[in-house]
Amino acid sequence: MADRVWRAWWQDQGVSLDALRLRLEESLGTQPVPTALVAHRDAQFLGTVSLIATDVEQRPALSPWVAALWVEPPHRRAGIGAALVETASRLGFRLGHRRIHLAALPANAGYYRRRGWTTLEADVGGLDILSRAAPPD
């Protein structure tokens, strides 16, 4: 999981794989945030997403965030990514958060908007900030 996420977003940013692994190990603690969710079929890794406290340093007051969605290329367009994002969002809502946030490249923001996310801000450090409100009780 760490290798996939690192290659997708952090390798070109100069972040070491070991540093990312340490960050992901925080998901193994006793607190519900951060949490990494993994989709698999038997022992086959299909994808992952995380629920983390903060994702965009320019917006520290926004929390929590769905982050680092990754689906293995042969398994894309099968609903795995949507299911991972939905599961992470529902976890945040069950924890009592009324709003969940997400950062996406502008080219990918439409994927989330089609799934009920709304754009809060565009071009925050090159990313669009989206959010989703908790469903009514």
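Author: Strands are DSSP runs of E with at least two residues, and helices are runs of H or I with at least four; both are numbered from the N terminus. The model discussed here is predicted.

Reader: Where is Pro64 placed?

Author: Take the peptide bond first. Ser63 and Pro64 are joined by a cis bond, with omega about -5°. As for its place, Pro64 sits in the loop between strand 2 (44-52) and strand 3 (65-71).

Reader: What is omega for the peptide bond from Val33 to Pro34?

Author: Pro34 belongs to the loop between helix 2 and strand 1 (35-41). The bond that leads from Val33 into Pro34 is cis. Its omega is near 10°.

Reader: At roughly what angle do the axes of helix 1 and helix 2 cross?

Author: Two packed helices are described by the angle between their axes and the distance between the axes. Here the helices are helix 1 (residues 2-10) and helix 2 (residues 17-25), and their axes come within 10 Å. The crossing angle is roughly 120°.

Reader: Which word describes helix 1 relative to helix 2?

Author: The axes cross at roughly 120°. Perpendicular would take 65 to 115 degrees, and antiparallel over 145. So helix 1 is, to helix 2, oblique.

Reader: Is the crossing of helix 1 and helix 2 left-handed or right-handed?

Author: The angle alone leaves the hand open. Helix 1 passes helix 2 in a crossing that is right-handed.

Reader: How many nonpolar, polar and charged residues does the contact of helix 1 with helix 2 have?

Author: Helix 1 brings Ala2, Asp3, Val5, Trp6 and Trp10; they meet Leu17, Leu20, Arg21 and Leu24 of helix 2. Sorted by class, the contact has seven nonpolar, no polar and two charged residues.

Reader: Which residue of strand 6 is the bridge partner of Leu102?

Author: Strand 4 (residues 99-104) pairs with strand 6 over six bridges, in the antiparallel sense. Within strand 6, the partner of Leu102 is Leu130.

Reader: Which residue in the turn of the hairpin has a positive phi?

Author: Strand 5 (residues 118-124) and strand 6 (residues 127-133) run antiparallel, joined by four bridges. Val124 stands opposite Leu127. Two residues lie between the strands of this hairpin, and the one in the turn with phi of about 60° is Gly125.

Reader: What is the relative accessible area of Asp42?

Author: Asp42 lies in the loop between strand 1 and strand 2. Its phi is positive, near 55°, and the residue is not a glycine. Asp42 counts as exposed because its relative accessible area is over 50%: the value is 72%.

Reader: Is Asp123 buried or exposed?

Author: Asp123 lies in strand 5. Its phi is about 55°, positive although the residue is not a glycine. Its relative accessibility is 58%, so Asp123 is exposed.

Reader: Which residues does Thr35 contact, beyond its neighbours within four places in sequence?

Author: Thr35 is in strand 1. It is buried, at 16% relative accessibility. Its contacts are Ser27, Val49, Ser50, Leu51 and Leu91.

Reader: How far apart in space are Arg132 and Ala68, C-alpha to C-alpha?

Author: Arg132 lies in strand 6 and is buried, with a relative accessible area of 16%. Its contacts beyond four places in sequence include Glu86, Ser89, Phe93 and Trp117. Arg132 and Ala68 are 64 residues apart in sequence; in space, C-alpha to C-alpha, the distance is 17 Å.

Notes
Residues are numbered from 1 along each chain as its sequence is written. This is a predicted model: local features need pLDDT of at least 70, side-chain atom pairs count only at pLDDT 80 or more; totals for chains, interfaces and linings use all residues. Side-chain values use heavy atoms; hydrogens and water are left out. Axes are lines fitted to C-alpha atoms, for helices over the stretch in contact, and angles run from 0 to 180 degrees between N-to-C directions. Angles under 35 degrees count as roughly parallel, over 145 as roughly antiparallel, 65 to 115 as roughly perpendicular and the rest as oblique. A crossing is left-handed if the near helix is turned anticlockwise from the far one by less than a right angle, and right-handed if clockwise. Contact means heavy atoms within 4.5 Å. Ala, Val, Leu, Ile, Met, Phe, Trp, Tyr, Cys and Pro count as nonpolar, Asp, Glu, Lys and Arg as charged, and the others, Gly among them, as polar. Two strands pair if DSSP finds at least two bridges between them. Buried means under 20% relative accessible area, exposed over 50%, partly exposed in between (1.4 Å probe, protein chains only).
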